[in-house]
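Colleague: Could you help me learn to read a protein structure? I would like to go through it feature by feature.

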Amino acid sequence: MNKSIAFVFLLGILIISAVPGYKGNLNQTQDILTAFFICTGSNATNATNETNATQVLITTASNATQRSINSGYFNLTQIPTPSTSGAPTNSSLSARCSRKTILLRKPHGRIRSPNFPNNYDVNQVCTWKVQVPRGYLIKARFGSIDLQNSDNCQKDKVMLSSSKQFRNPHIHCGSAVPFRFISKKNTLWVQFYSDQSITGKGFSITYTAIDENECKMDVCTFPTLCTNTLGSFVCGCLDGYVSKGRKQEATCVDFAYIAGRSECTKNNGGCSHLCINTRSSYRCACPSGYALNSDKKTCYLEISFTNDQYMVKVSESTRLHTVVSKLQARTFPDRRIITYALLSENLKTPTIFEINSRTGEIILSKRPDIREMRTFLLEIEASSFDGKKHRSAKAFVLINFSKVQSRGGSLSFTRSSFYVKVPCNTPLNTTVYRAQTKNTGRGGSTRISFLRKLDHFSITGGGKIKIQRSLLPFCDVTPSKKFRTSVAARDTSGTKRNAHALLQIEITPPIRLPQGNAGSRSYL
């Protein structure tokens with residue numbers, strides 16, 4: 001066989017080894033070579049005549065080709081398709097892997113052990129790194145696994161981790177298919193290790209990029225709201241607010257404040273209690289226990305007494321079952337049935353007094369021993385229930401039993417000090433309290449006055465304290481406005497007798513005024 005025929009023959013052997021469907025048998029090889037010689041212009045007759053010379057070469061080439069096919073090196077279907085980015089998408093299927101880390105950048109792909117699905121070789125260390133864009137995590141699933149099984153996977157194993165140092169890795173061996181693995185970052189590291197002993201078919205892993213929900217990590221600053229998006233997130237605001245600032249440091253600002261026209265910043269919006277700014281507007285609100293009036297600005301207690309404290313003087317000669325005082329509460333905005341209860345008497349269970357639960361009348365039910373106790377503090381509760389909500393209010397009544405006085409010459413006030421609460425919406429010229437004296441002398445008259453004048457109140461000679469200037473400016477004052485002075489009583493009959501008492505007036509939130517001529521009513 002001459003040199004040209006030998007060259008063409010070898011070239012034919014290389015080409016036919018890649019022919020699809022070629023099985024490597026001798027007859028098929030000879031047929032393909034004959035066809036090849038005809039196509040290349042070679043003398044087929046000469047080639048046939050030299051069959052004895054070429055038979056050995058064909059048989060040797062055929063066997064070598066068959067071994068190459070069986071080993072998988074020339075199987076075109078197993079050669080990975082090159083990536084357009086220059087990075088491989090799957091593991092190499094050669095019998096051994098490189099010591100270098102294989103970088104995979106596509107959002108999905110497959111990682112397989114060397115020579116998969118045939119047995120892998122011994123003494124191998126293979127490493128893959130999967131990297132996807134920020135804002136994504138990587139989910140990996142095992143399609144199959146067949147590694148040498150051992151305690152704690154000390155021999156052959158495959159490890160998955162989110163870090164290059166393989167901190168807290170998921171380690172697998174044997175043939176039980178593991179559960180899915182989700183990385184904590186946008187990178188996934190996979191490492192395969194085999195020792196010098198038993199081998200298996202290896203493993204196959206498919207991976208895909210999944211969106212990371214950044215909102216679980218409190219990336220937005222309160223009160224902004226986090227909304228997860230594909231590969232990222234957005235810090236947004238509720239309706240009526242706009243976000244100001246950088247993405248993760250933004251805060252929500254009301255449109256009204258941006259425009260510089262928040263109604264609540266001026267005079268509290270005219271609200272008696274709470275002013276709530278809304279988009280392009282505002283509204284008044286009430287704290288617990290209060291209800292908003294029809295003017296949508298003023299709050300009134302849903303149930304209340306006129307005063308928090310009452311003073312009652314009772315003679316020690318008063319008969320049993322006598323009504324010594326009567327309290328009345330009122331409800332707002334609707335009139336409801338009120339029930340009264342006597343909670344305590346000098347902080348103990350009541351024994352001397354009782355109360356009519358329907359009318360609020362306080363009744364003397366037992367005569368006290370005035371040698372031991374002359375003063376009694378009663379705690380009264382008024383309550384109402386409309387089928388949905390229970391409301392209640394409390395007041396205190398101080399009852400003092402006085403002795404039957406003989407004629408003398410002393411002059412004093414009924415109390416050493418007076419404490420008066422006046423609602424801020426009380427009309428002008430209303431009598432809010434009357435300071436009274438007790439004159440034990442025979443006849444005579446007294447005149448009462450302020451030792452130091454008050455700007456908003458006046459007092460008559462008979463002790464009536466009236467409003468002379470509007471109290472509305474004090475409705476929103478916190479803490480509540482208080483006026484303090486002393487009242488003096490002087491005997492005008494010629495006998496030099498004087499008395500003094502302290503006076504404190506506190507301005508309280510508005511109440512619902514009674515119908516009628518409010519200017520002539522007293523808040524006693």
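This is a predicted model: local features need pLDDT of at least 70, side-chain atom pairs count only at pLDDT 80 or more; totals for chains, interfaces and linings use all residues.

Colleague: Let's start with the whole chain. How many helices and strands does the protein chain have?

Modeller: The protein chain has 5 helices and 35 strands. Of its 524 residues, 38% are buried. The chain exposes about 30700 Å², with carbon and sulfur atoms supplying 51% of that area.

Colleague: And what can contacts tell me about the chain?

Modeller: Look at how far apart in sequence the touching residues are. Among contacts between residues at least 6 apart in sequence, 63% join residues at least 24 apart.

Colleague: Now a sheet, please. In what order do the strands of the open sheet with β20 lie?

Modeller: First, the general idea: strands of a sheet pair through backbone hydrogen bonds, either parallel or antiparallel. Here, 3 strands form an open sheet in the order β20-β24-β23, with antiparallel pairing. β20 (323-326) and β23 (353-355) are at the edges with a single partner strand each, so one side of each has no neighbour in the sheet. On average, neighbouring strands of this sheet are turned by 25 degrees against each other, direction ignored.

Colleague: How many bridges join β23 to β24?

Modeller: There are 3 bridges between β23 and β24 (residues 361-364). As an example, Glu354 has Ile363 in β24 as its bridge partner.

Colleague: Are Cys97 and Cys126 buried or exposed?

Modeller: Buried means under 20% relative accessible area. Cys97 is buried at 17%, and Cys126 is buried at 1%.

Colleague: What about handedness? Why is the disulfide of Cys264 and Cys275 called left-handed?

Modeller: Read the torsion about the S-S bond. For Cys264 and Cys275 this torsion is about -80 degrees, so the disulfide is left-handed. For Cys424 and Cys475 the torsion is about 105 degrees, so that disulfide is right-handed. Cys424 lies in the loop between β28 (417-423) and β29 (431-434) and Cys475 in the loop between β33 (464-467) and β34 (482-491), so the pair ties together parts 51 residues apart in sequence.

How values were computed
Residues are numbered from 1 along each chain as its sequence is written. Side-chain values use heavy atoms; hydrogens and water are left out. Helices (H or I, at least four residues) and strands (E, at least two) are DSSP runs, numbered from the N terminus. Buried means under 20% relative accessible area, exposed over 50%, partly exposed in between (1.4 Å probe, protein chains only). Contact means heavy atoms within 4.5 Å. Accessible areas come from the Shrake-Rupley method with a 1.4 Å probe; for residues, only the protein chains shown count as cover. Two strands pair if DSSP finds at least two bridges between them. Axes are lines fitted to C-alpha atoms, for helices over the stretch in contact, and angles run from 0 to 180 degrees between N-to-C directions. A disulfide is a pair of cysteine sulfur atoms within 2.5 Å.
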